[in-house]
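Hi,

Here is the structure I promised to pass on.

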Amino acid sequence: MADVFGGGEGNQKKADGAADAINRMLQNLVIKCAKEEGIRDYFHVGVIGYGAQVGPAFSGALAGQQMVPISQVGNSPARVEQRNKKVSDGAGGLVDQPVRFPIWFEPVANGGTPMGQALGQAKSIVENWLTQHPDCFPPIVINITDGEATDGDPTVAAAEIRRLKSSDGEVLVFNCHLSSQRASTIEYPGNGDGLPDKFAQQLFQMSSTLPEHMRAIASQSGMSVNEGSRGFVFNADLVALIKFLDIGTRPSALR
Amino acid sequence: MEIVATDFWLPKNGSSEAEYEDASAIAEGKLRFAVADGATETSFSKIWAKQLVRAFVDGRLSIPIVTDELGPLQSRWQKIVHRHPLPWYAEEKASDGAFAAFVGLQFFDARSETDVKTNWRAAAAGDSCLFQLRDGKIVESFPLEDSGSFNDRPNLLGSVANGNGSLETMSRAGGPVFAGDVFFLMTDAIACWFLKEHERGNKPWDLLQGQDQSSFRDLVTNLRAEKEMKNDDVTLVRIDFIA
């Protein structure tokens with residue numbers, strides 16, 4: 001789920017940031033499930049955009065679809081851009097290496113941040129999913145936003161999602177706050193003390209505590225997490241979160 | 001002494017045989033045996049696991065394995081992977097390399113002035129294990145010694161040069177062999193179960209006695225259903241020294 005539209009100054013730039021964040025997240029999720037024979041459907045993914053409208057936000061061939069198996073996501077980006085990735089030159093420096101960057105989700109700058117409505121829609125999709133898959137790994141709702149909710153208090157809708165569960169555990173709500181403030185990055189805090197504003201604190205409160213298995217993988221990856229750590233990041237991306245999703249043996253040498 | 005070796009395997013429950021990513025190799029004539037476990041989160045790891053066990057039993061990998069021996073295997077892996085153009089995700093994934101846990105076992109004769117004794121030596125990376133049994137007791141548990149040592153991020157052998165760091169952390173072991181000794185090579189799920197049962201005072205090796213492929217599959221299927229064994233690809237090589 002992502003706030004595509006933003007509001008106020010620097011709209012386009014912030015919207016680009018949110019779109020990049022979601023595209024990178026989808027890309028990493030696809031790569032995680034990629035095997036030599038194709039993409040294994042370990043996950044189904046839905047993307048809801050919220051701004052002038054609230055609804056399914058895939059572009060291209062997947063436009064209008066609510067939940068899509070990850071193999072279809074991987075095979076149907078709207079387009080694939082060429083971008084540069086910094087890689088080691090083997091002599092202590094960095095060089096640009098061209099990489100293919102798939103795009104599923106386009107940035108659109110437009111007013112409004114109806115977060116409560118978007119969370120409500122996410123809740124109904126998750127409820128429906130749980131009816132069909134009562135024993136599944138608990139769904140994860142990831143809210144990526146750059147602005148404050150303009151349709152009331154979103155904490156109620158977030159709490160309603162967190163109360164849903166499969167036989168395997170509670171549904172998780174994670175939040176990613178992309179702020180235009182020049183504040184330093186905060187990842188998976190255990191309390192809201194160091195957060196720069198009321199809105200960041202609200203998103204922190206809305207976020208689930210990281211379950212034990214995710215904390216274990218985060219610790220093994222060298223991240224600083226504790227028992228109270230929540231699925232919340234401020235001015236950071238959530239790509240690391242993808243690594244916390246356990247689908248099997250992961251070599252310690254792998255990034 | 002006569003050697004009888006058998007391998008057993010079963011893919012993860014819910015996966016097809018094509019998705020099985022472990023590998024085993026037996027070369028009774030060369031007295032070399034190996035198992036490897038391709039990491040789920042890397043792609044083309046089945047090919048890599050197969051390359052490692054075959055190279056070991058053919059004698060192209062020694063104990064200890066050195067970087068120069070791994071190089072040709074890594075080049076070969078690159079060639080196989082890039083035989084056809086890859087979609088964006090497969091390309092990205094392949095650039096990270098494939099990884100595999102590995103344990104290789106070799107027997108050899110140590111000659112003294114008075115006699116010839118059979119010895120073994122082994123090398124391991126990650127959580128694939130070797131157990132040596134004598135008179136109903138574990139006399140060697142290598143490289144892991146307790147069921148609590150298994151985690152989801154083992155040091156593995158990589159198919160790309162920058163994944164070679166684990167060569168330095170590879171473990172080695174060895175010792176004498178006596179008639180009646182039994183050796184097991186196992187990938188992690190069954191090795192972890194084996195140690196856990198042993199820690200409970202049970203003799204899991206009794207359950208691995210006299211198995212054929214079909215009864216082995218039944219055994220593993222039941223242990224998975226009872227949550228005694230993690231649902232993962234399972235591979236076992238059993239080597240009996242008969243007097």
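**What I found**

Let me begin with a sheet in chain A. Four strands make up an open sheet there, in the order E9-E12-E14-E13, and the pairing is mixed. Strands E9 (140–145) and E13 (186–187) of chain A sit at the edges with a single partner strand each, so one side of each has no neighbour in the sheet. Please keep in mind that this is a predicted model.

E13 of chain A runs antiparallel to strand E14 (residues 232–234) of chain A, and two bridges join them. If you want a pair to click on, A:Glu187 is opposite A:Val233 in E14 of chain A.

Leaving out residues up to four places away in sequence, A:Gly231 touches A:Leu172, A:Phe174, A:Tyr188, A:Ser207, A:Ser208, A:Leu210 and A:Leu241. A:Ile39, by contrast, is 192 residues from A:Gly231 in sequence and 26 Å from it in space, C-alpha to C-alpha.

A:Asn235 counts as buried because it has 20 C-beta neighbours inside 10 Å.

A word on confidence in chain A. The average pLDDT is 85, and 89% of the residues score at least 70. Over residues 4–10 of chain A, though, the pLDDT is below 50, and this stretch has 27 contacts in the model beyond near neighbours in sequence. Where pLDDT is low, the predicted coordinates should not be read in detail.

**Over to chain B**

Chain B has six helices and 11 strands. Its radius of gyration is 18 Å, close to the 18 Å that the globule rule gives for 243 residues, so chain B is as compact as a globular protein of that length. The C-alpha trace of chain B spans about 60 × 50 × 30 Å along its principal axes. Of the 243 residues in chain B, 44% are buried. Taking contacts in chain B between residues at least 6 apart in sequence, 73% join residues at least 24 apart.

There is an open sheet here too: five strands of chain B in the order E1-E11-E10-E6-E7, with antiparallel pairing. Strand E1 (2–10) and strand E7 (137–142) of chain B are the edge strands, and each pairs on one side only. From one strand to the next, the twist averages 15 degrees. Strand E6 (residues 129–134) of chain B pairs with E7 of chain B over five bridges, in the antiparallel sense. There, B:Phe131 faces B:Ser141 in E7 of chain B.

Some backbone details of chain B deserve a mention:

- B:Ile63 and B:Pro64 are joined by a cis peptide bond, with omega about 0 degrees. You will find B:Pro64 in the loop between helix H1 (45–57) and helix H2 (67–81) of chain B.
- B:Phe142 and B:Pro143 are joined by a cis peptide bond as well, with omega about -5 degrees. B:Pro143 is in the loop between E7 and strand E8 (157–158) of chain B.
- B:Lys227 is not a glycine, yet it has a positive phi of about 60 degrees. This lysine lies in the loop between helix H6 (213–225) and strand E11 (234–242) of chain B. With 8 other C-beta atoms within 10 Å, B:Lys227 is exposed.

**The nonpolar core**

Which residues touch the most other members of the largest nonpolar core? In this core of 126 residues, they are B:Ala34, B:Ala100 and B:Leu185. The largest share, 10 residues, comes from helix H1 (residues 11–33) of chain A. Beyond its neighbours within four places in sequence, B:Ala34 has contacts that include B:Val53, B:Phe56, B:Val57, B:Phe102 and B:Leu185.

Cheers

Methods:
Residues are numbered from 1 along each chain as its sequence is written. Chains are lettered from A and ligands numbered from 1 in the order in which they are written. This is a predicted model: local features need pLDDT of at least 70, side-chain atom pairs count only at pLDDT 80 or more; totals for chains, interfaces and linings use all residues. A nonpolar core is a set of buried Ala, Val, Leu, Ile, Met, Phe, Trp, Tyr and Cys residues joined through C-beta atoms within 7 Å. A residue is buried if 20 or more other C-beta atoms lie within 10 Å of its own, exposed if 12 or fewer, and partly exposed in between; C-beta atoms are placed from the backbone. Two residues are in contact if their C-beta atoms, placed from the backbone, lie within 7 Å. Two strands pair if DSSP finds at least two bridges between them. pLDDT is the predictor's confidence in each residue, from 0 to 100. Axes are lines fitted to C-alpha atoms, for helices over the stretch in contact, and angles run from 0 to 180 degrees between N-to-C directions. The radius of gyration is taken over C-alpha atoms; the globule rule is 2.2 Å times the number of residues to the power 0.38.
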